[in-house]
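Here are my notes on this one, as promised.

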Amino acid sequence: MNLPMSWNEWAAHDGVALAARVAKGELTAAELAAQAVAGIARVDPALSGVVEIFEDAVADPATDGTALDGPFAGLPFLMKDLGPTMRGRLQEMGSLIMRGNRATADTFLTSKMRAAGLNLIGRTTTPEFGVCSSAENPAVYVTRNPWNTDYTTCGSSAGSAAMVAAGAVPIAHATDGGGSIRIPAGVNGNIGLKVSRGVFSLSPHLSDLSGLVSIQGCQSRTVRDTAAFVDACRGPAPGEFMPFWSSPEPYTRMIARDPGRLKIALSHQWGDYRATPHIAAELEKVGRFLEGLGHHVDYALPDMNYREAFAAQTTCYISNFAVVIGNMLAARGLTQPPADLIEPVNVRIWEAGRHMSFADRARMQAVFNSTSRGFGAFFEEWDIILTPITALPTPKVGTTEYLTISDNPSVLDWFGNLWRNFAFTPLANLCGIPAISLPLATHEHGLPLGIQAIGKQASDGLLLQLAAQIERSIGGKWNAGRKPGVHVTANLNGG
């Protein structure tokens, strides 16, 4: 196949740059789609990150109403197989019970993506219902880390993270209910922003209030791609349950300016959960780097009951996912989850959550409120909280303790074990505040380690400004300029 670009040239372009070349007439959207699919073919045999390619959207980027005159000009874009639906396309959510589940309509955010000129060319892997930390069930698929395929991508935006890191596409869809944008971004060397509540619509199935913790977004390799995605796709559907807010100027313009001098608080222990000494040292290195950019950096932490906060977050997940699973069972005329079609921890989540009462949820929401107030008071004095993305090293493939195929009989113990590694991301979801993972550090085993910046409600633009300042100061060389071993530019299988 004759492709319009070499792989080195393709990998050197971000999404904004590719869209600009299409707008100038130097490339076509169809050529971009063909190159992306060829890139997926190069890397996916080693990674197993893509569930399906939509051949009609590749052949004709205007399929399904993609606005080729939108800001992304037909840029190829992969959709996580969870969350926004695409009319007529399968959405199987990483689950055997959802095999053959075909959407009847686009969700509102899907229509926003199409209007932005994103060509939705396929769907990527996720753990079952997005519950656990890796897309790793041998009966469905096992998604691997492009930096070292013995390790997981983490999740739940597993396949999207792998494809962006491996250079197949510059940007891809992701979702985040407790870290599922930021954790795989941190583990795979990408940029991952979880926006504040009131930015991306969950219409028509949920709202930012009824969903509480779930947020839409993307994985990217440049700050401006993430900024452009938010600018183009944000906004409410008619009848939102809460007011949506807007930025006083587009983020793509805001990121051209450095932020003022910021007060940045480092922390690597939240309640019972503490980062390893190596990870804590990596965080401190980044803090010193930010001091060199002129920011005030010190150790500080919001004053609140972390144990209560994590318990409330666990209650939220159990009750939310129990309802999701219960609705799937009801739609199929089932009263019990089939053990051969739903993974064991998800069965136990359903059992633990199906009888949770309104009083249980009210107690949970009271802790959400007090936790949010604790963060709010902290942000009266500080601008940013800086943490590692994970407290422990990236797990190897086959580490079942974090997976929903685990045989752990206790749902509460399973979640507690999850928090021991992924302690620093979920409370931003609880509070509805923005957080971004940036590829600034390295684990002892050589894999990327994301560093997370958290801000107050609606300070998304400030986080992007800080990220852009860092990006400029390192000459755009995230991950210290390294690329993963499985990458479109690598000589894979002699190709």
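1. Let me begin with one glycine: in which loop does G155 lie? G155 is in the loop that runs between β7 (148–152) and α6 (158–165). Keep in mind throughout that this is a predicted model.

2. As for what surrounds G155, set aside its neighbours within four places in sequence and you are left with contacts to C132, S133, S134, G179, S180, I183 and P184. Have a look at Y402 as well: it is 247 residues away from G155 along the chain, yet the two C-alpha atoms are separated by 11 Å.

3. On to the hydrophobic side of things. The largest nonpolar core has 145 residues, and M163 and F229 are those with the most contacts inside it. Helix α11 (residues 306–331) supplies the largest share of this core, eleven residues.

4. F229 deserves a click of its own. Not counting residues up to four places away in sequence, F229 touches F72, F77, M113, L118, I171, F200, G217 and C218.

5. Helix α11 turns up again when you follow helix α12 (residues 344–353). The buried residues of α12 are V345, N346, V347, I349, W350 and G353. What do they pack against? Their partners are α11 and α14 (411–421).

6. Now zoom out to the fold as a whole. The chain has 16 helices and 17 strands. Of the contacts between residues at least 6 apart in sequence, 78% join residues at least 24 apart, and buried residues account for 62% of the 495 in the chain.

7. How does the overall size look? The C-alpha trace spans about 60 × 60 × 45 Å along its principal axes. A compact globule of 495 residues would have a radius of gyration near 23 Å, and the chain has 21 Å, so the two agree.

8. Last, the surface and the charges. The chain exposes about 17800 Å², with carbon and sulfur atoms supplying 52% of that area. I also looked at the charged side chains: there are 39 positive and 44 negative ones, and the centres of the two sets lie 2 Å apart.

Note on methods: Residues are numbered from 1 along each chain as its sequence is written. This is a predicted model: local features need pLDDT of at least 70, side-chain atom pairs count only at pLDDT 80 or more; totals for chains, interfaces and linings use all residues. Side-chain values use heavy atoms; hydrogens and water are left out. A nonpolar core is a set of buried Ala, Val, Leu, Ile, Met, Phe, Trp, Tyr and Cys residues joined through side-chain atoms within 4.5 Å. Buried means under 20% relative accessible area, exposed over 50%, partly exposed in between (1.4 Å probe, protein chains only). Helices (H or I, at least four residues) and strands (E, at least two) are DSSP runs, numbered from the N terminus. Contact means heavy atoms within 4.5 Å. The radius of gyration is taken over C-alpha atoms; the globule rule is 2.2 Å times the number of residues to the power 0.38. Accessible areas come from the Shrake-Rupley method with a 1.4 Å probe; for residues, only the protein chains shown count as cover. Lys and Arg count as positive and Asp and Glu as negative; His and the chain ends are not counted. The place of a charge is taken as NZ of Lys, CZ of Arg, CG of Asp or CD of Glu.
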